[in-house]
Amino acid sequence: MLLLRCPLLLLLLPLGSRPQKLPTRDEELFQMQIRDKAFFHDSSVIPDGAEISSYLFRDTPKRYFFVVEEDNTPLAVTVTPCDAPLEWKLSVQELPEEASGEGSGEPEPLEQQKQQITNEEGTELFSYRGNDVEYFVSSSSPSGLYQLDLLSTEKDTHFKVYATTTPESDQPYPELPYDPRIDVTSLGRTTVTLAWKPSPTASLLKQPIQYCIVINKEHNFKSLCAVEAKLSSDDAFMMAPKPGLDFSPFDFAHFGFPSDNNSGKERGFLKSSSKFGRQISSKPRVDLHKVCIGNKNIFTVSDLKPDTQYYFDMFAVNANTNMSTAYIGTFARTKEEAKQKTVELKDGKVTDVFIKRKGAKFLRFAPVSSHQKVTFSIHSCLDAVQIQVRRDGKLLLSQNVEGVRQFQLRGKAKAKYLIRLKGSKKGASMLKILATTRPNKQSFPSLPEDTRIKAFDKLRTCSSVTVAWLGTQERNKFCIYRREVDDNYNEEQKKREQNQCLGPDTRKKSEKVLCKYFHSQNIQKAVTTETIRGLQPGKSYLLDVYVIGHGGQSVKYQSKLVKTRKFC
């Protein structure tokens, strides 16, 4: 990105402001400009190689500009929604001609210059709608005036934007390891120990990386920006512990940015302080906590509540740029009190169950009315789990379950069923279970015995692949998604992502290919094919098929790795 011409710059900056230069990658000039934090405040100019934060009012669009003066320039633009989904679009138009009156010393009026640019729509390069951290990357961008338009239709919201013409050398966001998951290595009644692989930015590039953990009871977060937006201004981020010491994030008195007003009020088990003199009672309590722990990659969270589900997110933060990247979040339920309670299953209601490695869970089902049969439906999200069912002390069932299984047992008046679920030896287990006395109540969709996706090698082209999968005699909705992956993506990486309980709602809309209904009364003919078009030559893609049942529950088929032909 190079300097804007003077007439154009007047257009971009608010009236009455002093003349400003758009930063270039002249490093000395760039570092001098970026130190002045007020330089880009409330400006329409996006600086090259620096992240900006801004605010959107609901249904009020905002537009940003930057200029690329040379063709074949690399370009990367990253937009981070904070607390609400965004609609954003990146477009480019040719640079305007020099002002007609420039040679005579009489520049065109500002309104004429403005009309010259804004009357042209430009060419749309990319658009997105959602709350994911999304980016546009091009190794060779044309010269022109680039426009970034943003809109929030849900509510007022914060967001961040980063743009650079030197993406290969900048690398401001920490890189994730090949396995970006957070592992729960130890689980107690009041403690959870987490471990994760270090960022290559720290281990290989030797850049200063610190890790920040976020704990809450509601859901996982996709960005650190979303976390900070959720926290109220009177909640203080915790200071890092002394080296080598783990601590409870719930023992600290202050949980937000340091306040000028020290007259905090007690609120639950935390003390808070008001930064701008607002009354604490006017804002609801946010049960969300963030702690930065330096460069350790194992940490124990303590003083948690027994038998409570917590969500844990990990963010690698580059201390030089203060920019962050999210690991794949996890969740865990702390152990019950010494006298373990048995989870009660309700007739016809799906229950989520988390089991630690080599652990076990006990559930109880006591139908309120007489019944002839009882059905247990199990959906194991990851590895196989073992289920045992006893009726009034008598063992009726003992099976290993992988994927979706349904068991129908003979009923008995006033019978009570005790279910024991044993986790995998490989790692923590997640599953969904449904118990019902109603024979037609089926929450999970039926599946064929073979849930593989078949790709037809002879039908591959440079821009499409053709795949097929089996269905059943039951009419269900099938949705297929695609995601481009690196050429070194392998089966082991694919296996780590095989959480069958993650439904289509966790995928980006841009990855969706199509959805359709399909079934066949003849089970031998219950097969469907689909050609996926619009792919890039010589690229690898990961394909996923989801089957969605009448109850809204979804199950994912085995992922399929395909690659288009490089030459056609």
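This structure has four disulfides, where a disulfide is a pair of cysteine sulfur atoms within 2.5 Å. The model is predicted, so local features need pLDDT of at least 70 and side-chain atom pairs count only at pLDDT 80 or more, while totals for chains, interfaces and linings use all residues. Residues are numbered from 1 along each chain as its sequence is written, and side-chain values use heavy atoms, with hydrogens and water left out.

| Pair | S to S distance |
|---|---|
| Cys82 and Cys225 | 1.5 Å |
| Cys212 and Cys292 | 2.0 Å |
| Cys462 and Cys568 | 1.9 Å |

Let's start with Cys82 and Cys225, which are joined by a disulfide. Cys82 sits in the loop between strand E3 (73–81) and strand E4 (86–93), and Cys225 belongs to helix H6 (residues 224–230), so this bond ties together parts 143 residues apart in sequence. Helices (H or I, at least four residues) and strands (E, at least two) are DSSP runs, numbered from the N terminus. Both Cys82 and Cys225 are buried; buried means under 20% relative accessible area, exposed over 50%, and partly exposed in between (1.4 Å probe, protein chains only).

Next, the link of Cys212 and Cys292 is right-handed, with 100° about the S-S bond. Cys212 is in strand E11 (residues 209–216) and Cys292 in strand E14 (residues 288–292), 80 residues apart. Both of these cysteines, Cys212 and Cys292, are buried.

Finally, the torsion about the S-S bond of Cys462 and Cys568 is about 115°, so this disulfide is right-handed. Cys462 lies in the loop between strand E28 (454–455) and strand E29 (465–470), while Cys568 is in the segment after strand E35 (560–563), 106 residues apart. Cys462 counts as buried at 12% relative accessibility, whereas Cys568, at 74%, counts as exposed.
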